[in-house]
Amino acid sequence: NLAVIEVVHSTLVPGLLVDENGGPVHLGVPSILVDAPADGLRLLIDHSITGPLQHPEGMTDVTVRDSMIDSPAIALGVRLPALAATPGGDVPGPPATLIRTTIFGEVYVEELFASEVIFASQVRSKRRQTGCVRFSYVPEGSETPRRYRSQPDFEILSETQLAEQTAALQGRTLSNADRDTIRDDVRAWLQPSFTNLRYGQPGYGQLFVECPEQILTGAEDGSEMGAFCFLKQPQRATSLRVRLQEYLPFGLEAGLIYVT
């Protein structure tokens, strides 16, 4: 009769083990499997890396903070959701609170609150009247509660409003075809990109330096979305550039090289 499970500052290797080439050994096995019934059980994952989570609806909730949930099977063409109640992802998992987290794999839950999360694959919430998704990246085709300043929706809205203002100055209105073009264009380029997607490799889960600024600075405080939000790299880079401008000898230029 467990009440709470906490996984803090830990690694549960995605795929359970890695082979000599660094690939996952057990693609279809979740890192944390909870058998039903699990009424009243709460799971907290904090500053950790895990593989897929397979949890029944009866759990009270799942809370994930400053972590990565990785279903390596997705990258190899095998479907195994990152968070759901069944391996096929056709039954929703328990209510989930996801904060500053990067998730590789589909998510299907009863209820959802997400803040500063990167969903690399589709996310679905069974009950969309409650909950919220804020300052996050949500792929096309996802079904979530109301979204607030989430990408690419927010960028689509901003560019549409700018196009409407330009059209009004020209004495015309924006057509539905124009709106569709803006939406498709934004979705084509505004996507997260990563230095490396394989666990154990340098740069694993790290946002690529040329990732769109809307994601690199898309968190509520202007830092990056996802698991590395806590590093506050955009703010640190800005402060460093200011200091370099003050003290760099005349005629020299500085560049930043990010560690992996």
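**Notebook: rings, strands and cores**

I started with the rings and found three aromatic pairs in the structure. For my own reference, rings of Phe, Tyr and Trp (its six-membered ring) pair if their centres lie within 6.5 Å, and planes under 30 degrees apart count as stacked, over 60 as edge-to-face and the rest as tilted.

Before going on, I noted that this is a predicted model, where local features need pLDDT of at least 70, side-chain atom pairs count only at pLDDT 80 or more, and totals for chains, interfaces and linings use all residues. Residues are numbered from 1 along each chain as its sequence is written, and side-chain values use heavy atoms, with hydrogens and water left out.

**Rings**

I looked up Phe104 and Phe194: their ring centres are 5.0 Å apart and their planes stand at 75°, so I wrote the pair down as edge-to-face. This pair links distant parts of the chain, 90 residues apart, with Phe104 in strand β10 (residues 102–104) and Phe194 in the loop between α2 (176–189) and α3 (213–216). Helices (H or I, at least four residues) and strands (E, at least two) are DSSP runs, numbered from the N terminus.

Buried or exposed, I asked of Phe104? Phe104 is buried, at 9% relative accessible area, and Phe194 counts as buried too, at 16%. My cut-offs: buried is under 20% relative accessible area, exposed is over 50%, and partly exposed is in between (1.4 Å probe, protein chains only).

Next came Tyr199 and Tyr204, an edge-to-face pair with 5.7 Å between centres and 85° between planes. Tyr199 is partly exposed at 23%, whereas Tyr204 is buried at 9%.

I also spotted Arg124 over the face of Tyr108, 3.9 Å from the ring centre. The test is that NZ of Lys or CZ of Arg is within 6 Å of the ring centre and within 35 degrees of the ring normal.

**Strands**

Strand β3 (residues 42–46) has four of its five residues buried, so the rest of the structure largely encloses it. Which strands pair with β3? Strand β1 (residues 4–8) runs parallel to β3 and is joined to it by five bridges, with Glu6 opposite Leu44. Strand β6 (residues 61–65) also pairs with β3 in the parallel sense over five bridges, and there Asp46 has Arg65 as its bridge partner. Two strands pair if DSSP finds at least two bridges between them.

I then traced an open sheet of four strands, in the order β4-β7-β10-β13, with parallel pairing. β4 (49–50) and β13 (118–119) are at the edges with a single partner strand each, so one side of each has no neighbour in the sheet. β4 pairs with β7 (residues 68–70) over two bridges, and Ile49 stands opposite Met68.

**A serine in a loop**

I found Ser31 in the loop between β1 and β2 (32–33). A polar atom of its side chain lies 2.7 Å from the backbone nitrogen of Gly51.

**Cores**

The largest nonpolar core has 26 residues, and Leu98, Ile103, Leu112 and Phe119 touch the most other members. A nonpolar core is a set of buried Ala, Val, Leu, Ile, Met, Phe, Trp, Tyr and Cys residues joined through side-chain atoms within 4.5 Å. β3, β6, β9 (96–99), β11 (107–109) and β12 (112–115) each give two or more residues to this core. I listed a second, separate core of 20 residues, including Tyr204, Ile215, Leu216 and Met225.

Key:
A polar contact is a pair of N or O atoms within 3.5 Å; within protein, one must be able to donate a hydrogen and the other to accept it, and residues adjacent in sequence count only if both atoms are side-chain atoms.
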